[in-house]
Amino acid sequence: MFSHQMVGSNDIARSKLFYDALFAALGGEPGVIDAKGRLVYAHNGGRFLVTLPINGEPATHANGGTIGFAMASPEQADAWHAAGVASGGTTCEDPPGIRQATEGRTLYLAYLRDPDGNKLCGLHRIVG
Amino acid sequence: MFTHVMIGTNDLAAGKAFYDAVLGALGWPEGQEFRPGTIFYSHNGAAFGIGLPADGQGATHGNGATIGFRARTRRQVDAWHAAGLVHGGSCAGEPGKRPRAPGRSYAAYLRDPTGNKICTICQMRRDEWDAA
């Protein structure tokens, strides 16, 4: 299990606009700024944090990295994706839609990059 | 909240050796090839993958990024850290109490062979916390 996920940001206010919109689409609460200036989201038992890098260097995204978020339905995945595109993110990969995955699974996937380039996936399991 | 986390690697065999060892210390089963160039691990409803980047460029870590794994005990956190050091990782924080983290956290940090920063954390019992 994961305890938390953290991504880097070069502009916490910009990140808050983006991630507040994403979590609102999932029925979550706006992020809270903690004592270290990090943006913290707690939702469905998980914690997601956005931080300025502590080494003082610019935040960068990981090439090859993706964080997957659970979606309750295809409609919620669409709303999550639309909220991200309208709030400083960009779409990536194929447009939101059904994918046939391994082992007979059917998934509904939507992909975004946040304003700092971090890659996010909204995933709803249709079958499997 | 999270369905899966994926990170890039430039050497799939080295990445598998590293994550088989560190995730094995937390009770995760050995990684399986999901598709060519990608290894996935799954445990208690969570999935974690390593793969050669789809764009053909080198894998890089995110500056500011950390992936946090949950452990059940301090012993697991210690074993996780030790396993990482002998399988190509480097220390990014010795195992120990983290008073500024939520609850009574005991955590350790590593960089994987690609430089991705990873963390494992458990919650201590009050008697353990007070005695440590």
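Predicted model: local features only at pLDDT ≥ 70, side-chain atom pairs only at ≥ 80, totals over all residues.

In the hairpin of E2(B) and E3(B), two residues lie between the strands, and Gly37(B) takes a positive phi near 90° there. Strands, like helices, are DSSP runs numbered from the N terminus, a helix being H or I with at least four residues and a strand E with at least two.

Residues are numbered from 1 along each chain as its sequence is written, and chains are lettered from A and ligands numbered from 1 in the order in which they are written.

Let me turn to the sheet that involves both chains. Eight strands form an open sheet with mixed pairing, in the order E2(A)-E3(A)-E4(A)-E1(A)-E5(B)-E8(B)-E7(B)-E6(B), where two strands pair if DSSP finds at least two bridges between them. Its edge strands are E2 (32-33) of chain A and E6 (90-97) of chain B, each of which pairs on one side only. Where do the chains meet within this order? E1(A) is joined to E5(B), residues 66-70, by four bridges, and these two strands run antiparallel; in E5(B), Thr66(B) is the bridge partner of Met6(A).

On the chain B part of the sheet, helix H2 (residues 74-85) lies across E6, E7 (105-111) and E8 (117-123), running at about 10° to E7(B); such angles run from 0 to 180 degrees between N-to-C directions, with axes fitted to C-alpha atoms, for helices over the stretch in contact.

As for the interface, 34 residues of chain A are in contact with 32 residues of chain B, contact being counted when C-beta atoms, placed from the backbone, lie within 7 Å. The largest share of the chain A side, seven residues, comes from E1(A).

Finally, Trp80(A), setting aside neighbours within four places in sequence, is in contact with Leu22(A), Ala25(A), Leu26(A), Met71(A), Ala110(A) and Gly122(A).

Technical notes: Contact = placed C-beta atoms within 7 Å.
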